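Keep the structure open beside you as you read.

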Amino acid sequence: MDNHEVTMDKIVSLCKRRGFVYQSSEIYGGQAGAWDYGPLGVDFKRNIQNAWWKEMTQLHDDVVGLDGAIFMHHTTWEASGHVGHFSDPMIDCTECKARFRADQLIEDYCEKHNVDPGKPVDTMSHEEMKAFIDEHINCPTCGSTNRKYTDVREFNLMFKTHLGPIANEASLIYLRPETCQSIFVDFKNIVQSNRMKVPFGVAQVGKSFRNEIIFKNFIFRTCEFEQMEMEYFCKPGTEDETFERWRKDRWNFYLKYGIKEEHLKWHHHDKLAHYAKDAYDVTYKFPIGFEEIEGIHSRTDFDLSQHMQYSKKDMNYIDQDDGNKKYVPYVVETSAGLNRNFLMFLCEAYEEQNVGTDGKEDYRTVLHLDPRLAPITVAVLPLMKKDGLAEKAKEIQHLLKEDYVTDFDVSGTVGKRYRRQDEVGTPFCVTIDYDTIHEKKEDGSPNPDFNTVTLRFRDSMEQVRVPVDQLSERIRQEIKNYKRS
């Protein structure tokens, strides 16, 4: 019997076949860790970003936006701790020269063989990692059982470059490994220019770059990616309550857009980053297992204090509602990966559904995407190219495209066109037939379906007749009331 479960291979195949994601530089053999988002992928990714932005800023009166530069003064990354601490434990096979992240090598082995490493891997020292690998793990690349590995070393993940014609210490610059630092360095500007009062948040979406040791699982881990981050500044002593509130809000965001709660799980960090008081990850059940999609961190006053120390600029907030008391605000951060959200929503929506009747199998591939996220909202399909149906369909598409992303398809039977739209997650198809354009029936009597179209729903495959002048509003109401069946 064929396997109709979702797998990463099926997602990768769908993404290339239908224009969601392509391998970067494919004609030259491909560039590891880099991917291009195609015509459908770019709209789908933007819709996810817009949903996040609406949730964080439009629906929260106390959160504003920022779009910081990728290039920042190199001292920024000394203050943030990235120059000294932003690294992964690396180990090499001395026989085939393959390089691995030591912690992931151990985690993958323990999961595959159901082995208890004795303590959380992220709390192991380099020596403990090396001892475990030497004892248990053959090289995954060359298969050598000799287990000849280098010592575990720290590998800094930042990309370095130089700004200007001369490469020296003064021109050194980094491609940012995270977006949040521009929020911290602009903290006083935002407070003064927008008259912000603590507590408040600053949201940002932007590209980040990490020189990863290994790339795997499609777009899940890449060297170039987009983050959706929000830093929420609060009064010291209120950070625990603020932390729990944002944990709840971010969890509910994923439920709101169609992620099943049983596919989500919290992961609490046993070993905290150097800046953190507490940290949780929201993890999602991908075909490869539960993996992180978003981190919620209580960062204390580390960031603002560090930038105050390194820049010699005052980062204190003057609380006019508390007797002009001065303090450095504490920070609660929410940091979601846009690319990982993209992959998560695809995996969650993917289904190979048996729609056969009379005991016969007939599988369709369908993406049950929330209509607010789907790259195409409405497909307009004339029954035939001739007899004025295509022209009428174009007219209706023109009416809809001001409010919705539309597609126009005249190739093949209507059934095949429905299947193509199902595969990319289009929630609504509008079919224009002869009843749409004929005011009277063949016997001369009035045609009650004149100037109506067939509106077809992706999830249920139900079809209803809707007057053309009510079509846009009907679609709007269906989107507003959507719940995956």
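Strand β3 (residues 63–65) runs parallel to β9, and three bridges join them. Strands here are DSSP runs of E with at least two residues, helices are runs of H or I with at least four, and both are numbered from the N terminus. Two strands count as paired if DSSP finds at least two bridges between them. Look for G65, which stands opposite A203 in β9.

β9 has another partner: it pairs with β10 in the antiparallel sense, over 10 bridges. Here V202 stands opposite E231 in β10. How many of the 10 residues of β9 are buried? Nine are, so β9 is largely enclosed by the rest of the structure. (Buried means under 20% relative accessible area, exposed means over 50%, and partly exposed is in between, using a 1.4 Å probe and protein chains only.)

A quick word on the source: this is a predicted model, where local features need pLDDT of at least 70 and side-chain atom pairs count only at pLDDT 80 or more, while totals for chains, interfaces and linings use all residues. Residues are numbered from 1 along each chain as its sequence is written, and side-chain values use heavy atoms, with hydrogens and water left out.

Now for the rings. Searching the whole structure turns up 20 aromatic pairs. Rings of Phe, Tyr and Trp (its six-membered ring) pair if their centres lie within 6.5 Å; planes under 30 degrees apart are stacked, over 60 edge-to-face, and the rest tilted. W35 and F218 make an edge-to-face pair, because their planes are at 80°. This pair links distant parts of the chain, 183 residues apart: W35 is in strand β2 (residues 35–37), and F218 is in the loop between β9 (200–209) and β10 (224–234).

F243 and Y280 form a tilted pair. F243 lies in helix α9 (residues 239–256) and Y280 in strand β12 (residues 278–286), so the pair ties together parts 37 residues apart in sequence.

| Pair | Centre to centre | Angle between planes |
|---|---|---|
| W35 and F218 | 4.9 Å | 80° |
| F243 and Y280 | 6.1 Å | 40° |

How enclosed are these residues? W35 is partly exposed at 24% relative accessibility, whereas F218 is buried at 9%. F243 is buried at 3%, and Y280 is buried at 18%.

Rings gather in a group too: F20, Y37, F44 and F342 form one aromatic cluster. The charged end of K45 sits over the ring of Y37, 4.4 Å from its centre. (That takes NZ of Lys or CZ of Arg within 6 Å of the ring centre and within 35 degrees of the ring normal.)
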